[in-house]
Amino acid sequence: MTGTQRHHAIDYVELPVTDLAAAERFYGEAFGWRTTSYGPAYSGIRGEGDTEVGGLRLADGTAPGGPLVLLFSADLDASAEAVTRAGGRVVEGPYAFPGGRRFTFADPAGNVLGVWATS
């Protein structure tokens, strides 16, 4: 525990992926994520100050559904373009919602996440 965790706040997100190297490349290119390898089946996702905020776990497959993880963006349209350039697919949006705009996307392994912005 680093002392930065907050009670009942999202602390760690683990994404199953079918190709660990491809997932590291996709999230690195699309969002600038940095990872730490823990072997052939797991990489930690590093946040600000190198705090680990999540992981990419090698799995036999992925399944739709589950929690929707939302990322924040200062430039939503540029983020949508980055997802597409990195090999992902925008599933819905960008569209307006109370509080701003957002879109959902599928990563190359099929995980669906969202990105939001205040405008």
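Helix axes are lines fitted to C-alpha atoms over the stretch in contact, and the angle between two axes runs from 0 to 180 degrees between N-to-C directions. The exercises below use this definition on a predicted model.

**Exercise 1. Describe how helices α1 and α2 are arranged.**

Solution.
1. Take α1 as residues 20-31 and α2 as residues 76-85.
2. Their axes come within 8 Å of each other and cross at roughly 150°.
3. Angles over 145 degrees count as roughly antiparallel, and α1 and α2 are therefore roughly antiparallel to each other.
4. As for handedness, the crossing of α1 and α2 is right-handed.

**Exercise 2. State which residues of α1 and α2 meet, and classify the residues of this contact.**

Solution.
1. On the α1 side, the residues are F26, E29, A30 and F31.
2. On the α2 side, they are A82, V83 and R85.
3. Sorted by class, the contact of α1 with α2 has five nonpolar residues, no polar ones and two charged ones.

**Exercise 3. Characterise the second largest pocket by its volume and its lining.**

Solution.
1. The space in the second largest pocket is about 260 Å³.
2. Its lining consists of 15 residues, of which G65, G66, P67, N111 and V112 are the closest to the pocket centre.
3. Two elements, β1 (13-17) and β8 (112-117), each give two or more residues to this lining.
4. β1 supplies the largest share, with four residues.
5. By class, the lining of the second largest pocket has ten nonpolar residues, four polar and one charged.

**Exercise 4. Locate the cis peptide bond between G93 and P94 and the positive phi of D50 in the secondary structure.**

Solution.
1. For the bond from G93 to P94, omega is near 5°, and the bond is cis.
2. P94 belongs to strand β6, residues 89-97.
3. D50 is not a glycine, yet its phi is positive, at about 65°.
4. The loop between β3 (42-46) and β4 (52-58) contains D50.

Terms used: Residues numbered from 1 in each chain as written. Predicted model: local features only at pLDDT ≥ 70, side-chain atom pairs only at ≥ 80, totals over all residues. Heavy atoms only, no water. 1 Å grid on protein atoms, 1.4 Å probe; cavity = no way out; pocket = protein on both sides within 12 Å on 5 of 7 lines; lining within 4 Å. Points joined across faces, edges and corners; volume = space filled by probe spheres on them. Nonpolar A, V, L, I, M, F, W, Y, C, P; charged D, E, K, R; others polar. Parallel < 35°, antiparallel > 145°, perpendicular 65-115°, else oblique. Left-handed = near helix turned anticlockwise from the far one by under 90°. Contact = heavy atoms within 4.5 Å.
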